Amino acid sequence: MVYRININEERCKGCKLCISVCPRNVLDLGSSVNDKGYSFVTAANSKQCIGCRACVLMCPDLAIDVLPKATRA
């Protein structure tokens, strides 16, 4: 199954907790900053996502969501 990773860039503070728990190294800290001045996490390797949602559970700011991606029949 393919997953879509939604990251709310404005909520992310770049704490990297989600990066530390991802078993497939899907997430990385980006070089851009949000309106609050924080570097935010990006889904650098989204094709590697297995949908475990460890990042969602670890994020203290509720900035990440992982959803199944709709596939064409």
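The second largest cavity holds about 70 Å³ of space; a cavity here is a set of points, on a 1 Å grid over the protein atoms alone, where a 1.4 Å probe fits but cannot get out. Volume is the space filled by probe spheres set on the points, with grid points joined across faces, edges and corners. This is a predicted model, so to read it: local features need pLDDT of at least 70, side-chain atom pairs count only at pLDDT 80 or more, and totals for chains, interfaces and linings use all residues. Residues are numbered from 1 along each chain as its sequence is written, and side-chain values use heavy atoms, leaving out hydrogens and water.

**Cavities**
- Searching the whole structure turns up two cavities of 30 Å³ or more.
- Lining the second largest one (lining means an atom within 4 Å of a point) are C12, K13, C15, C18, V41, C59, P60, D61, A63 and I64.
- That lining splits into eight nonpolar, no polar and two charged residues, where Ala, Val, Leu, Ile, Met, Phe, Trp, Tyr, Cys and Pro count as nonpolar, Asp, Glu, Lys and Arg as charged, and the others, Gly among them, as polar.
- The largest cavity comes in at about 90 Å³.
- Its lining has 13 residues, with C22, V26, C49, C52 and C55 nearest the centre.

- N25 isn't a glycine, yet its phi is positive at about 55°.
- N25 is exposed, at 54% relative accessible area (exposed is over 50%, with a 1.4 Å probe and protein chains only).
- R53, also not a glycine, has a positive phi of about 65°.

Technical notes: Buried means under 20% relative accessible area, exposed over 50%, partly exposed in between (1.4 Å probe, protein chains only). On a 1 Å grid over the protein atoms alone, a cavity is a set of points where a 1.4 Å probe fits but cannot get out, and a pocket is an open set with protein on both sides within 12 Å along at least five of seven lines; lining residues have an atom within 4 Å of a point.
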